Amino acid sequence: MKTAYKFRMYPNKQQKALLDVTLETCRHLYNTALADRKNTYEQEGISRSYEDQAAILTFEKQDNPYLSSMYSHCIQDVLRRLDKAFKAFFRRVKAGENPGYPRFKGKGWYKSFTYPDAGTGYKLEGSKLTLSKIGSIRIFKHREVEGKIKTCTIKKDNLGHWYAVLSSETGEVPLVEPKIAIGVDVGLKSLVALSTGNTIEYPRYYAQAEKKLGAAQRNLSRKKKGSANRRKAKLKVAKISQRVQYLRDEFLHQVSRKLVDSADLIVFENLNIQGMLKNHHLAKHISDHAWGKLIQFTQSKAAKAGKIVELVDARYTSQKCSQCGIMVPKTLAERTHACPNCGLELDRDINASLNIRTHGLRGRAYRDLAKNQPVSEVGSSGL
């Protein structure tokens, strides 16, 4: 199982300069390699591979002082990133999807570089991270890294802060025997409605900061491009946006932790979130609630705890009666489920979460376990 650990770095002025030069060199190399692939195919009909460009890079390093001053595996990883982008492009073409040809990276668009080999080029000792060609940098190591570190990625955010993302590998955690299951219906009225009958409200961090963010963005648009005042205004916009992101992530981590602690099987709807974002009346609120990130956080925590997260078909979960199974059509404005057949009356989101839980129990991944062990609903002592 792979786990990523993100630590804030505190480089000195000299190290910041070296990090910036390294990042900019990687960006130029990416753009050069992309142009080489594009031009070679258009002029000669030849598709460059990673191996081809890695061989060319060996000779280019001799004449380029920036490339020769960098750790070789970092610049090789840039070519691997480009190769991965082209493979994804061809995969989308074959699948008939919108292909999205790899793009050139403008200034500020390329934000990270990677030491790809375990233990080579970097070394973590206590609160110091030593990077080849850069030096020993102080980090805020707020927790211990478990397992063997495989890669080290250095990232720069929009505020100019540097982070080290260490990817480690540990053994697989054995699955616990599922005894408790909950269904989770994500929504806009409440962030989640649970099959226990409980709901969790979302603080709507973006809505709280929207007026302040809008004023900062309007102020930014009035500044002259390239000026010092524009850089200051851009930094202010970035600070507001990042604060919203930090608050949202912290809240979603708390919710996902509660979900994983309360049940052995957590069942979500398999939503087409990208398709839902095309609804321009709701897109802002859907993005703010970050359902996809909540599911991702829950899956990550569940994997570490040996628990199970299932995604089930979202169709008709709100229309179907969770007690008798008949369809009870409703508009989005109707917030109560009232079944004319069995008389069940409850919040429509709670009804949906009960249906989601039922679908999860019937799923292939859980069916064999459910045959041998009855799964009970989590009690009132849960969430």
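How are α1 and α2 oriented relative to each other? In this predicted model, the axes of helix α1, which covers residues 13-44, and of α2 come within 12 Å and cross at roughly 120°. The two helices α1 and α2 are therefore oblique to each other, since an angle counts as roughly perpendicular from 65 to 115 degrees and as roughly antiparallel over 145. The crossing of α1 and α2 is right-handed, and in the contact L29, A33, D36 and R37 of α1 meet Y50, Q53, I56 and L57 of α2. Sorted by class, this contact of α1 with α2 holds five nonpolar residues, one polar residue and two charged residues.

From α2 the reader can move on to its contact with α4. Helix α2 spans residues 50-63 and helix α4 spans residues 72-95, and their axes come within 10 Å and cross at roughly 145°. The crossing of α2 and α4 is right-handed. On the α2 side the contact is made by Y50, Q53, A54, L57 and K61, which meet S72, I75, Q76, L79, R80, L82 and D83 on the α4 side. The residues of this contact of α2 with α4 divide into six nonpolar, three polar and three charged. Y50, Q53 and L57 of α2 are listed among the residues that meet α4, and Y50, Q53 and L57 are also listed among the residues of α2 that α1 meets.

The axes of helix α6, residues 228-262, and of helix α9, residues 291-305, come within 9 Å and cross at roughly 45°. That angle makes α6 oblique to α9, and α6 passes α9 in a right-handed crossing. The contact is made from α6 by D249, L252, H253, V255, S256, R257, L259 and V260, and from α9 by K293, L294, F297, T298, K301, A302 and A305. By class, the contact of α6 with α9 has eight nonpolar, three polar and four charged residues.

These two helices, α6 and α9, also take part in the largest pocket, as each supplies at least two residues of its lining. The largest pocket has a volume of about 1200 Å³, and of the 29 residues that line it, A4, K6, R143, H253 and F297 are the closest to its centre. Taken by class, the lining of the largest pocket divides into nine nonpolar, nine polar and 11 charged residues.

Rolling a probe the size of a water molecule over the atoms shows where empty space is left. The count comes to one cavity of 30 Å³ or more, and about 30 Å³ of space lies in the largest cavity. The largest cavity is lined by Y206, A207, E210, K284, H285 and D288, and the elements that give two or more residues to this lining are α5 (205-221) and α8 (283-289). The residues of the lining of the largest cavity divide into two nonpolar, one polar and three charged.

Notes. Residues are numbered from 1 along each chain as its sequence is written. This is a predicted model: local features need pLDDT of at least 70, side-chain atom pairs count only at pLDDT 80 or more; totals for chains, interfaces and linings use all residues. Side-chain values use heavy atoms; hydrogens and water are left out. Axes are lines fitted to C-alpha atoms, for helices over the stretch in contact, and angles run from 0 to 180 degrees between N-to-C directions. Helices (H or I, at least four residues) and strands (E, at least two) are DSSP runs, numbered from the N terminus. Angles under 35 degrees count as roughly parallel, over 145 as roughly antiparallel, 65 to 115 as roughly perpendicular and the rest as oblique. A crossing is left-handed if the near helix is turned anticlockwise from the far one by less than a right angle, and right-handed if clockwise. Contact means heavy atoms within 4.5 Å. Ala, Val, Leu, Ile, Met, Phe, Trp, Tyr, Cys and Pro count as nonpolar, Asp, Glu, Lys and Arg as charged, and the others, Gly among them, as polar. On a 1 Å grid over the protein atoms alone, a cavity is a set of points where a 1.4 Å probe fits but cannot get out, and a pocket is an open set with protein on both sides within 12 Å along at least five of seven lines; lining residues have an atom within 4 Å of a point. Grid points are joined across faces, edges and corners, and a volume is the space filled by probe spheres set on the points.
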